[in-house]
Amino acid sequence: MNVQITFKPSGKRVRVGQGTTLLQAARRAGVFIPTRCDGKAACLMCKVHISPEWAAFAGPPSDAEQRKLGSLLGEGIRLSCQARVKGAVEVTIPEDRLKAAIRRQLERQASDDELW
Ligand code: FES
């Protein structure tokens, strides 16, 4: 049975079979998730966020995922290369760290400009 995966913030959607990893689903949807270990739960670069209402549909964390993420699992963080979909789920791709730093800097400058 196919299930729909929605990636935020882009809103891109894809239908995949149950058991597909979120990383595979993202690639099929054309959503970029950085990786260095190509799905071996080693690089931790493929982290995504899943809200509590969707958590059950991302399947239980693997042993490797539990070891690598520890308490981050409780915050809704999952390794997209390990999480296998069980049902329709909404996944948030965290903002790239460099882009986030640039965005914060621009916001700070805009705020400073308003003061003058
Ligand atoms: S791709 Fe490296 S930990 Fe998931």
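**Figure 1. The antiparallel pairing of strand 1 and strand 2.** Strand 1 and strand 2 run antiparallel and are joined by 6 bridges; two strands count as paired if DSSP finds at least two bridges between them. Helices (H or I, at least four residues) and strands (E, at least two) are DSSP runs, numbered from the N terminus. The model is predicted, so local features need pLDDT of at least 70 and side-chain atom pairs count only at pLDDT 80 or more, while totals for chains, interfaces and linings use all residues. Residues are numbered from 1 along each chain as its sequence is written, and side-chain values use heavy atoms, with hydrogens and water left out. Within this pair of strands, Ile5 stands opposite Val14 of strand 2. The hairpin has 3 residues between the strands, and Gly11 takes a positive phi near 80° there. Pro9 has its place in the loop between strand 1 and strand 2, and the peptide bond that leads from Lys8 to Pro9 is cis, with omega near 10°.

**Figure 2. The parallel pairing of strand 1 and strand 5.** Over 4 bridges, strand 1 pairs with strand 5 in the parallel sense. Lys8 stands opposite Thr92, a residue of strand 5. In a regular strand the side chains alternate between the two faces of the sheet. Strand 5 has Val89 and Val91 on a covered face, and Glu90 and Thr92 on an uncovered one.

**Figure 3. The largest nonpolar core.** A nonpolar core is a set of buried Ala, Val, Leu, Ile, Met, Phe, Trp, Tyr and Cys residues joined through side-chain atoms within 4.5 Å. Buried means under 20% relative accessible area, exposed over 50%, and partly exposed in between (1.4 Å probe, protein chains only). The largest such core has 26 residues, and those with the most contacts inside it are Ile5, Phe7, Leu22 and Val91. At least two residues of this core come from each of strand 1 (2–8), strand 2 (12–17), helix 1 (22–29), strand 4 (77–79) and strand 5 (89–92). Helix 1 gives the most, with 5 residues. In soluble globular proteins, nonpolar side chains tend to be buried together. Which residues are in contact with Val91, leaving aside its neighbours within four places in sequence? They are Ile5, Thr6, Phe7, Lys8, Leu22, Val48 and His49, where contact means heavy atoms within 4.5 Å.

Figure 4. Ile77 has its place in strand 4. Is Ile77 buried or exposed? Ile77 counts as buried because its relative accessibility is 16%. Apart from residues up to four places away in sequence, Ile77 touches Lys47, Val48, His49, Leu69 and Leu72. Asp63 lies 14 residues from Ile77 along the chain, and the C-alpha atoms of the two are separated by 15 Å.

**Figure 5. The loop between helix 1 and strand 3.** Asp38 lies in this loop between helix 1 and strand 3. Phi of Asp38 is near 55°, a positive value in a residue other than glycine. Asp38 counts as exposed because its relative accessibility is 52%. Leu44 also belongs to the loop between helix 1 and strand 3. Although Leu44 is not a glycine, it has a positive phi of about 60°. With a relative accessible area of 29%, Leu44 is partly exposed. Met45 is found in the loop between helix 1 and strand 3 as well, and at 32% relative accessibility Met45 counts as partly exposed. Leaving aside neighbours within four places in sequence, Met45 is in contact with Pro34, Thr35 and Arg36.

Figure 6. On a 1 Å grid over the protein atoms alone, a pocket is an open set of points where a 1.4 Å probe fits, with protein on both sides within 12 Å along at least five of seven lines; lining residues have an atom within 4 Å of a point. Grid points are joined across faces, edges and corners, and a volume is the space filled by probe spheres set on the points. The largest pocket has a volume of about 490 Å³. Its lining has 16 residues, of which Pro34, Pro94, Glu95, Asp96 and Arg97 are the closest to the centre. Strand 3 (47–49) and helix 3 (97–115) are the elements that give two or more residues to this lining, and the largest share, 3 residues, comes from strand 3. The lining residues divide into 10 nonpolar, 1 polar and 5 charged; Ala, Val, Leu, Ile, Met, Phe, Trp, Tyr, Cys and Pro count as nonpolar, Asp, Glu, Lys and Arg as charged, and the others, Gly among them, as polar.
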